[in-house]
Amino acid sequence: MAIKRDVKTLAGRLDRTYFERQSTIRRIRVLAIVVCVAAGLGWWAMAGGVTEGELYNPGHVSGPHAAFESNCAACHSGNGKGGFFKTVSDTSCLSCHDGSIHHVNQKLAAAHADIDPKNHVMAVADSKHPFGATSASCVSCHVEHRGPEALRGTSDANCIACHGNIQNASMSNPHSADKIVAFTVADHPEFGRKLVQEVDGAKRPFDPTVLEFNHRKHLALEQFSSADSCVKCHAVDDVPATQPAGSMATAMGSGKYIRPIDFNAHCAGCHQIAGPSVVLQTKRGPRVTNENLLAETPIPHVPMDAVRAYAAAHIGKSIADKGFADARALEDFVKKTTDKLIADAGKAKLRDGAWTGDPAKPAAPTKLSGGEGQGAMADLYAHAIATSAKGCVLCHSLEQANGVVQTVSTKIPDSPRRWFASSEFDHRAHRAMNCVECHANFSPEKIASVRDIASVPELEKTSFISSPGLTWQQTVQSGDTFTTRARSCVECHHAGKTARGTTGVASNCVSCHQFHDRGKER
Amino acid sequence: MLVDRNARGWIVATIVMFVASVGLYIPYVASTVHGPSGGSAAGLAYGVVGSLFMLIAVLLGLRKRFRTLQKIGPIPAGRAHTWMQAHVWLGLLSYPVILCHAGFRFGMTGSLTWAIMWLFTVVFVSGIVGLVIQNIIPRTMLERLPLETIYEQHGRVLALLRGQVKAIVDDATLEKDEEAFELEAVPAGAAVVTSPNARLLQAREQLRAFYEDDLKRFLDDDPRSVPRLATARTAAGTFGSIRASMPASLLPAIDDIEHLVAERRQIMQQRVMYHWLHLWLLCHVPLSYALVVLAAIHAFQAVRYL
C-alpha cells in the first residue's frame with residue numbers, strides 16, 4: 001500500500017488544538033524566569049539592598065572617610081531634609097571640615113539656594129564663620145568613591161573652571177591675571193607680583209624686611225667661601241619635635257621654608273652688642289665705669305624697651321652696690337655721666353638712612369637724684385647702645401618714639417618667610433639643587449671668579465630678593481668662565497616629556513597652590 | 001532570517017547610533033575631570049537611552065504573548081517581526097551604550113552595578129549566540145529536513161508513523177491465498193500441483209524480523225540505538241540489501257517503510273536542532289528579566305543618591 005503524502009494528509013496528522021497547550025520548553029522557560037527573578041531579588045535582599053548598605057557603593061571611599069564606608073547617611077544626608085533624594089550636601093562635609101573660602105574677591109552667594117557652580121558662585125555667606133563665608137558645592141571638586149585623587153580635587157580643570165577667565169568668578173576687579181590655564185611661561189604670570197617694586201628703573205621683587213645686611217661683605221669672609229655657605233645661615237625650617245610629621249598645622253615647620261635669621265644663632269658669634277664706654281671719677285664717689293654699670297656684657301639682643309629696662313636695672317643695682325657718700329655725690333655722678341653721653345651722642349656719625357623720620361635727640365635729665373635720674377641715665381645708655389658703631393644701628397633702622405630711640409621692627413621672625421604668598425614652595429624637595437642655581441641672578445660680566453660673586457653690588461643690600469621668577473637667568477661657571485643662561489621652573493615642571501624623553505615633574509596647580517585659604521580657617 | 005537584506009535599515013541605524021554613541025563619548029570623557037560617571041548629565045543620558053533599548057528588547061516577549069494584538073489604544077502594536085528586529089538591533093546597541101553610561105567600569109565587586117553588568121554581559125553574549133543560532137539552524141532545517149513537522153506534534157506524528165509502519169508490515173506479511181502456493185508448470189493434462197512459495201515466505205519472515213528487531217526500536221526508542229537506520233547513508237544500504245532479497249510484490253511496502261524511516265530520522269534531527277534553537281533562550285530570557293528588575297532597582301537608587 002502506498003502512503004499518501006499530500007498536504008491534506010499531512011495536515012490531517014496534526015492536532016489542530018496543540019497551540020492551546022503550553023509546551024514543555026515554554027513551561028520550563030517560565031519557571032526559569034520566575035526562579036531567576038526570585039534569585040536576583042533574593043540576592044539583592046540578602047546583600048543589604050533593602051537597608052541601603054554597601055550594595056549601592058559605586059566604589060570604595062578614600063582612606064580618610066573609610067570609617068564612614070558603611071554608613072551612607074553620614075554623607076548622603078540630603079541636607080537633612082528627609083526627602084526622597086539622598087544627595088551629598090555641603091552640610092555633611094562642613095560638619096567635619098572647615099571649608100574656608102578661596103579668595104575674598106570670589107563670588108559669594110547670600111544663601112545656599114543661590115550657590116551656582118556653573119556661574120562660579122562657589123562660596124556662601126556664613127555669619128557663624130569668623131571670615132563670614134565658607135566654600136560651597138564641595139562635590140563640584142571633591143568627588144568620593146573615585147579614589148583619593150578625585151577626592152582631593154586636585155585636577156587643574158577645577159582651577160581653570162574659574163581661572164580660565166577670572167573676571168567671571170570675581171566680585172570686583174581681580175588682582176590675578178585674567179587667564180591662567182597652565183604652568184607655562186605663556187600661560188602663567190611671573191611670581192611674586194605683590195612684591196615687585198621699581199628699583200633703579202627696573203621692576204623686580206623687593207624684600208620688605210627692614211634690615212641692613214651686607215651679603216657682599218659676609219660672603220668675602222673665609223667661613224662663607226664654600227659652596228654650601230648659604231645654608232650656614234639660611235637653613236630649612238625642619239619639623240619641630242612638638243609637631244608630628246605630616247601635620248597639617250602650618251607650612252612652617254614642615255621643612256619647606258627657610259628658617260628666619262636669628263641673631264643669637266647666626267650673628268652673635270661675631271657681633272656682640274656692647275654698651276658705650278664711660279669712665280668717670282667723681283669727686284666724692286668711687287671710680288665708676290661702664291662695666292660697673294652694665295655688668296653683664298654683651299647686651300642682650302632684645303627690643304629697645306627691654307634694653308632700656310635692662311640698663312635701668314643694672315645701673316640701679318651697680319649704684320646700690322658701689323654706694324655713694326651722699327646724694328650730692330650721686331647727683332654729681334649722674335650729671336657727669338649724662339653730660340658725657342649727651343656729648344658723645346652729638347658726635348655720633350650714622351650711616352645714611354639710619355634714621356626713619358626725625359632722629360631722636362637725647363635729653364638731659366631734669367632731676368639728677370632718685371629714680372628719675374637713674375631712668376634718664378638708662379635712656380641715655382640705651383640711646384648710646386642703639387647708635388654706637390657696633391650697636392643696633394649696624395643692622396637696624398632707628399626711629400624716634402615719645403622722644404626716645406627705638407629700633408624699627410625688621411618683622412623677623414614674624415614677617416612671612418614666604419615671599420610668594422599665593423603659592424607654596426618646598427625647599428626640601430629641591431635639596432638636590434644648589435642654592436645659587438636659583439638664587440644667584442648675577443650678571444657674568446661682573447664676576448671674574450667665584451670669589452667675585454661677593455663683589456656683586458646688589459649684594460650690599462639685603463632688600464633685593466634673588467628668588468627666581470618663572471623665568472630667570474642663572475650664571476654657570478665652567479673653569480674660570482661664567483656664562484648666563486635662561487632658566488625656568490618649567491624646565492622640570494611641565495606636562496609631557498623632557499628633551500631626554502623622561503616625564504616632566506608635576507606642574508599642576510596644586511603643586512604650588514591651595515584652593516582653601518588656610519589663613520581663613522576658623 | 002533575522003539578519004538579511006530586509007534588516008538593512010536596522011543594521012544601518014544601529015551602526016549610525018553606535019558610531020554616534022562612541023563619537024559623543026570621546027569628547028564627553030575629555031571634558032570630565034575625574035573620568036566618566038553614570039551620574040553625570042551625559043552619563044545619565046547614556047543610561048536612559050540604554051535602559052530604553054533594554055526595555056524595548058524585553059517588550060518583545062510581551063508582544064509575542066499577544067500575537068494577534070493590532071493596536072495598543074490608538075497606537076498600532078506593530079508587527080512581531082518589527083519587534084523582533086528592534087529586539088535584536090536595539091538589544092545589541094544597548095550594551096555599548098550602557099558601557100558608556102558606566103564609563104566602561106563594572107563597579108565594585110559585590111555591588112549591585114557589578115552584578116548587573118555581569119548579568120548584562122551574560123545576557124548580551126547569550127543573545128549574540130542565539131542570533132547566530134537563529135540565523136543558521138532555520139536555514140539548515142529548511143534545506144535538510146523537508147519532512148519537518150511541528151515540534152509539539154512530534155509525539156503524535158511518531159505514533160502515526162509507528163502505526164503506519166506496523167500496518168505496512170502487517171499487510172505485507174499477511175499470508176494471502178493466491179500467494180500461498182507457487183504454481184508449477186506441468187504438461188498438458190497433468191494435474192495442477194501447487195506448493196508453498198518458499199521465497200515469498202522467507203521474505204515475509206525477513207521483513208517481520210526487520211520490523212521486530214530494528215524498525216520498532218527505531219520508531220519507539222532512541223533512533224540512534226539502531227545504527228543501520230540512524231543515518232541516511234546507512235539506512236540506504238540497509239534498505240538496498242533488504243530490497244535485493246525481497247520479491248517484487250513487497251518492494252512498494254519496502255519503499256513506504258524507507259520513507260517513513262526517513263521521516264522518523266528527520267524528526268530526530270529536527271528535535272536536536274530545535275533544542276539548539278530554543279535551549280539558549282533558557283539562559284537568555286530568564287536572566288534578561290532578572291537584569292531588568294535589578295536595573296530598575298539600580299536606576300531608582302542611583303537617582304536617589306545622585
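# A guided tour of chains A and B

Chain B has a mean pLDDT of 88, and 93% of its residues reach 70 or more. The model is a predicted one, with an ipTM of 0.84 and a pTM of 0.70.

**Stop 1: chain B as a whole**

Select chain B and colour it by secondary structure. Eleven helices and four strands are assigned in this chain. Of its 306 residues, 27% are buried. Among the contacts in chain B with a separation of 6 or more, 71% are between residues 24 or more positions apart.

**Stop 2: Ser21 in helix α1 of chain B**

Select residues 8–31 of chain B, which make up helix α1, and find Ser21(B) within that helix. Leaving aside residues up to four places away in sequence, Ser21(B) is in contact with Pro96(B), Val97(B) and Cys100(B). Display Tyr46(B) as well: 25 residues separate Ser21(B) from Tyr46(B) in sequence, while the C-alpha to C-alpha distance is 8.2 Å.

**Stop 3: Phe104 of chain B**

Phe104(B) is not a glycine, yet its phi is positive, at about 60°. With 13 other C-beta atoms within 10 Å, Phe104(B) is partly exposed.

**Stop 4: the packing of α2 and α11 in chain B**

Select residues 41–65 (helix α2) and residues 281–304 (helix α11) of chain B; these two helices pack at an angle of about 140°, and their axes lie 11 Å apart. The crossing of α2(B) with α11(B) is left-handed. Which residues meet here? From α2(B) come Ser51(B), Met54(B), Val58(B) and Gly61(B). Facing them in α11(B) are Val285(B), Ser288(B), Val292(B), Ala295(B) and Ala299(B). Sorted by class, this contact of α2(B) with α11(B) contains six nonpolar residues, three polar residues and no charged ones.

**Stop 5: the contact between the chains**

Keep α11(B) in the selection and display chain A. The contact between the chains takes 34 residues from chain B and 38 residues from chain A. On the side of chain B that touches chain A, helices α4 (112–144), α5 (154–173), α10 (251–279) and α11 each supply at least two residues. Which element of chain B gives the largest share of that side? Helix α11(B) does, with twelve residues. The residues on this side of chain B divide into 20 nonpolar, nine polar and five charged.

**Stop 6: chain A as a whole**

Now select chain A. The secondary structure of chain A consists of 13 helices and eleven strands. Of its 522 residues, 22% count as buried. Among the contacts in chain A with a separation of 6 or more, residues 24 or more positions apart account for 57%.

**Stop 7: Ser137 of chain A**

Centre the view on Ser137(A), which lies in the loop between β2 (133–135) and α4 (148–152) of chain A. The phi of Ser137(A) is near 55°, a positive value in a residue other than glycine. Ser137(A) has 19 other C-beta atoms within 10 Å and is partly exposed.

**Stop 8: the sheet β7-β8-β9 of chain A**

Select the three strands that form an open sheet in chain A, in the order β7-β8-β9, with mixed pairing. Strands β7 (355–356) and β9 (404–407) of chain A stand at the edges; each has a single partner strand, so one side of each lacks a neighbour in the sheet.

Strands β7(A) and β8(A) are paired in the parallel sense over two bridges. One pair to display is Thr356(A) with its bridge partner Glu399(A) in β8(A). Strand β8 (residues 398–401) of chain A runs antiparallel to β9(A), and four bridges join them. Glu399(A) has Gln406(A) as its bridge partner in β9(A), and Leu398(A) has Thr407(A).

Finally, select Asn402(A), in the hairpin of β8(A) and β9(A). This hairpin has two residues between the strands, and Asn402(A) takes a positive phi near 55°.

Terms used:
Residues are numbered from 1 along each chain as its sequence is written. Chains are lettered from A and ligands numbered from 1 in the order in which they are written. This is a predicted model: local features need pLDDT of at least 70, side-chain atom pairs count only at pLDDT 80 or more; totals for chains, interfaces and linings use all residues. Axes are lines fitted to C-alpha atoms, for helices over the stretch in contact, and angles run from 0 to 180 degrees between N-to-C directions. A crossing is left-handed if the near helix is turned anticlockwise from the far one by less than a right angle, and right-handed if clockwise. Two residues are in contact if their C-beta atoms, placed from the backbone, lie within 7 Å. Ala, Val, Leu, Ile, Met, Phe, Trp, Tyr, Cys and Pro count as nonpolar, Asp, Glu, Lys and Arg as charged, and the others, Gly among them, as polar. pLDDT is the predictor's confidence in each residue, from 0 to 100. Two strands pair if DSSP finds at least two bridges between them. A residue is buried if 20 or more other C-beta atoms lie within 10 Å of its own, exposed if 12 or fewer, and partly exposed in between; C-beta atoms are placed from the backbone.
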